[in-house]
2 protein chains.
Amino acid sequence: MAKRVTGPEIEKLIQLLARVPGLGPRSARRAALHMIKKKDQLLGPLAGAMSEAFDNVRECQTCGNIDTSSPCAICSDPRREQATLIVVEDVADLWALERAEVMNVRYHVLGGTLSPLDGIGPDDLSIAALVDRVEKENIAELVIAVNATVEGQTTAHYITDQLAGMDVKITRLAHGVPVGGELDYLDEGTLTAAMRSRTSL
Amino acid sequence: MAKRVTGPEIEKLIQLLARVPGLGPRSARRAALHMIKKKDQLLGPLAGAMSEAFDNVRECQTCGNIDTSSPCAICSDPRREQATLIVVEDVADLWALERAEVMNVRYHVLGGTLSPLDGIGPDDLSIAALVDRVEKENIAELVIAVNATVEGQTTAHYITDQLAGMDVKITRLAHGVPVGGELDYLDEGTLTAAMRSRTSL
């Protein structure tokens, strides 16, 4: 006997919420209940914000960022230095760099990393579009800010190969000790890299 | 300079998501991004499910359950044994008992527990309505299934006092070792209670 605990509307809401990263089946149930209790403060506004995002949000055709316009606010910002591009794996990385206000330049979102085991090849990422941009937009420096994983580094090397012969300086983020990090907790690779790139005080 | 990383629609969505239990500011950002990427499979349906829940879900005026009708499906189910009521703190507890198919009876949701420190008194809970139901619905047994916390037990005692003199049997859930639980991880109170209520094999 499959008992009907609540209405199908609520069950459907719980099932969809369970697919949100960070929530599982159990916490989705708790989240749904909390939302329903805070109907006017949370459930209503959230439903509105989601349908607004659904209607208005799109992918920037230039860089791959997610925004309400294409080209996105970053790509169409004339105050940004135009000759440098930061290459990131994912929109989340772009947002992280923007939050940190690292550099006032534009970006290029790859949409992932090369991963032969998962069947992700160069054609699944926006690498051809990147090569195109470097050429047409007269990019002088390309900062490859992919994750420091094997896949990320493989992707960085592949991009470097694709740009061979073009007049563009290719750089990557420095390896080192994270600010506030404790040496004791760092892996040997990071410590070796940090030591090798040591700077004078 | 507060940089505009994404459109205000997305920022608003992230801010609202951060108020969902189980999500924090960081995971809300990740969740929003994931939803936007899975626009048609997740963001759209979720927006729809939420606005449907917003429009249709209400509190059952009889028991306090959350459903699309009032009285709720449980209260209006004639196949449930009518002479027993299970008293729970919260709708989540009601759902948990229903999922476990513990007993085919009806419920009464208190809406919390007595907590003088938080300023929650008897008038903030649906205790008067419970006393009323016990009388008018000829309840023979009241299972007080509140949490085994100090507040829960205080509330259970208060309810018992309120029902003094009425012809109703008041019971509570048994204390003991959770099924699958390891003795090593249990507190002394539970072990003592489990030993005291030991049963013959």
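A:Thr155 counts as buried, because its relative accessibility is 0% and the cut-off for buried is under 20%. This is a predicted model, so read everything here with that in mind. You'll find A:Thr155 in helix α6 of chain A, which covers residues 150–162. Which residues does A:Thr155 touch, once its neighbours within four places in sequence are left aside? The contacts are A:Leu110, A:Thr113, A:Leu114 and A:Leu125.

Now hop over to chain B and have a look at B:Val102, which sits in the loop between α4 and β4 (105–109). Here the relative accessible area is 49%, so B:Val102 is classed as partly exposed; a residue has to be over 50% to be called exposed.

Next comes helix α3 of chain B, residues 39–56. How does its span agree with its 18 residues? At 1.5 Å a residue the helix should span 26 Å, and the C-alpha atoms at its ends are 24 Å apart, which agrees. Quite a list of its residues is buried: B:Leu42, B:Leu43, B:Leu46, B:Ala47, B:Ala49, B:Met50 and B:Ala53. What covers them? The cover includes α1 (8–17) and α2 (25–37) from chain B itself, along with α1 (8–17), α2 (25–37) and α3 (39–56) from chain A.

That brings us to the interface between the two chains. Chain A and chain B each put 58 residues into the contact. The area buried between them is about 5,700 Å², and carbon and sulfur atoms give 69% of it. As for polar links, the rule finds eight residue pairs in polar contact across the interface, both residues being at pLDDT 80 or more. It also finds two salt bridges between the chains. In a salt bridge, the side chains of B:Asp90 and A:Lys37 meet at 2.7 Å, N to O.

So what builds the side of chain B that touches chain A? The elements giving two or more residues are α1, α2, α3, β2 (66–67) and α4 (91–99) of chain B. The largest share comes from α3(B), with 16 residues. Sorted by class, that side of chain B has 31 nonpolar, eleven polar and 16 charged residues.

Note on methods. Residues numbered from 1 in each chain as written. Chains lettered and ligands numbered in written order. Predicted model: local features only at pLDDT ≥ 70, side-chain atom pairs only at ≥ 80, totals over all residues. Heavy atoms only, no water. Helix = DSSP H or I, 4+ residues; strand = E, 2+ residues; numbered from the N terminus. Expected span 1.5 Å × (residues − 1). Buried < 20%, exposed > 50% of the residue type's maximum accessible area, 1.4 Å probe, protein only. Contact = heavy atoms within 4.5 Å. Buried area = accessible area lost by both parts, 1.4 Å probe. Salt bridge = Lys/Arg side-chain N within 4 Å of Asp/Glu carboxyl O. Polar contact = N/O pair within 3.5 Å; in protein donor to acceptor, adjacent residues only side chain to side chain. Nonpolar A, V, L, I, M, F, W, Y, C, P; charged D, E, K, R; others polar.
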